[in-house]
Amino acid sequence: MSEPIRVLVTGAAGQIAYSLLLSIAKGDVFGKDQPIILLLLDITPMLSVLEGVVMELQDCSLPLLRDIVPTDKEEVAFKDLDVAILVGSMPRKEGMERKDLLKANVNIFKSQGAALDKYAKKTVKVLVVGNPANTNCLIAAKSAPSIPKENFSCLTRLDHNRARSQVAVRCGVPATQVTNVIIWGNHSSTQYPDVHHCKVNMSGSELACFDAVKDDAWLKGDFIATVQQRGAAVIKARKLSSAMSAAKAICDHLRDIWVGTPEGEFTSMGIYSTGNSYAVPEDLIYSFPVQIKDKTWKIVEGLAINDFSRSKMDATAAELIEERDTAVAFLGV
């Protein structure tokens with residue numbers, strides 16, 4: 001058995017963490033022979049709830065779980081981390097403007113970025129889940145100058161999984177038969193789910209998505225809107241935001257970082273845009289198609305971008321620029 005890795009989950013008393021922690025602790029993410037020390041951070045009023053989560057994890061009697069450290073202190077939570085999963089953020093409240101939400105979260109992610117910089121390993125892999133995830137991720141990365149920007153990513157795997165599933169349902173195949181969908185841009189209603197490079201395996205034959213679905217109007221209309229609005233639809237139906245599917249997407253995202261993407265396949269991740277070949281503006285956390293090997297992502301190069309896709313990619317980039325500029329103004333940098 002290897003040495004335990006130190007994995008932090010913030011917002012650890014919350015809904016998403018409750019669906020996430022068991023999968024991490026029993027080896028579904030980092031492997032069945034990788035011992036884990038879980039660090040669980042939440043705000044002080046949630047510590048009693050967190051104690052209950054700790055009891056449940058203990059009661060699962062998991063062979064890989066070496067220790068559980070519940071805390072409300074960043075200097076404890078961020079110490080010597082291998083992986084940081086930043087789930088906790090200020091949720092949008094009724095009547096709150098987006099800029100108010102950004103302002104509240106800038107303070108959280110500036111503080112957590114600084115804590116990563118000060119206490120975590122320089123090799124730490126940081127996944128930001130708390131919304132607005134792309135901009136929160138950018139603020140955390142900017143606040144941790146000694147950690148490479150490539151170590152930071154935000155979660156668009158949930159959108160990727162949603163897109164994959166919509167195509168699979170439409171074609172009457174399992175989701176595993178649908179590969180290489182792409183989420184471009186922001187984890188928001190401007191994101192662009194792109195299936196121009198997607199393949200669907202139907203009865204042993206690999207077809208281009210447009211040939212498999214045979215409904216271009218749906219793929220360019222309702223499909224995109226469904227994926228963009230899926231989070232809101234879940235809230236409307238459940239009266240709570242996505243938790244189970246978000247936790248599954250976090251596991252998928254981190255497993256791909258840890259073990260790599262399958263040969264010939266790519267996934268979607270919000271990553272630092274500097275140096276990309278798709279004319280996406282610099283200095284954003286923007287979702288791209290990536291392949292991962294040796295815990296390092298690479299943007300998939302050379303994909304043809306038609307005018308339809310270009311306009312969608314530019315629209316989501318414009319929103320991210322506005323978010324970034326608002327957030328950076330709050331930061332005072």
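**Around Q191**

Reply: Happy to! Beyond its neighbours within four places in sequence, Q191 is in contact with D159, I183, W184, N186, V227, Q228 and T316, where contact means heavy atoms within 4.5 Å. This is a predicted model, in which local features need pLDDT of at least 70 and side-chain atom pairs count only at pLDDT 80 or more, while totals for chains, interfaces and linings use all residues. Residues are numbered from 1 along each chain as its sequence is written, and side-chain values use heavy atoms, with hydrogens and water left out.

Q191 sits in the loop between β8 (182-184) and β9 (192-194); helices (H or I, at least four residues) and strands (E, at least two) are DSSP runs, numbered from the N terminus. Q191 counts as buried because its relative accessibility is 1%, with buried meaning under 20% relative accessible area, exposed over 50%, and partly exposed in between (1.4 Å probe, protein chains only).

Now for the annotated sites. The unreviewed UniProt entry has a "binding site" annotation covering D42, N105, V129, G130 and N131. UniProt positions are in the numbering used here, feature names are shortened, and annotations may be inferred rather than shown by experiment. Of these residues, D42, V129, G130 and N131 are included in the lining of the largest pocket. On a 1 Å grid over the protein atoms alone, a pocket is an open set of points with protein on both sides within 12 Å along at least five of seven lines, whereas a cavity is a set where a 1.4 Å probe fits but cannot get out; lining residues have an atom within 4 Å of a point.

D42 lies in the loop between β2 (36-41) and α2 (47-59). D42 is buried because its relative accessibility is 13%. Leaving out residues up to four places away in sequence, D42 touches G11, A12, A13, G14, L50, T71 and D72. A polar atom of the D42 side chain lies 2.8 Å from the backbone nitrogen of A13.

N131 belongs to the loop between β5 (125-128) and α5 (133-142), and is partly exposed, with a relative accessible area of 34%. With residues up to four places away in sequence left out, N131 touches S89, M90, N105, N136 and H187.

Key
Polar contact = N/O pair within 3.5 Å; in protein donor to acceptor, adjacent residues only side chain to side chain.
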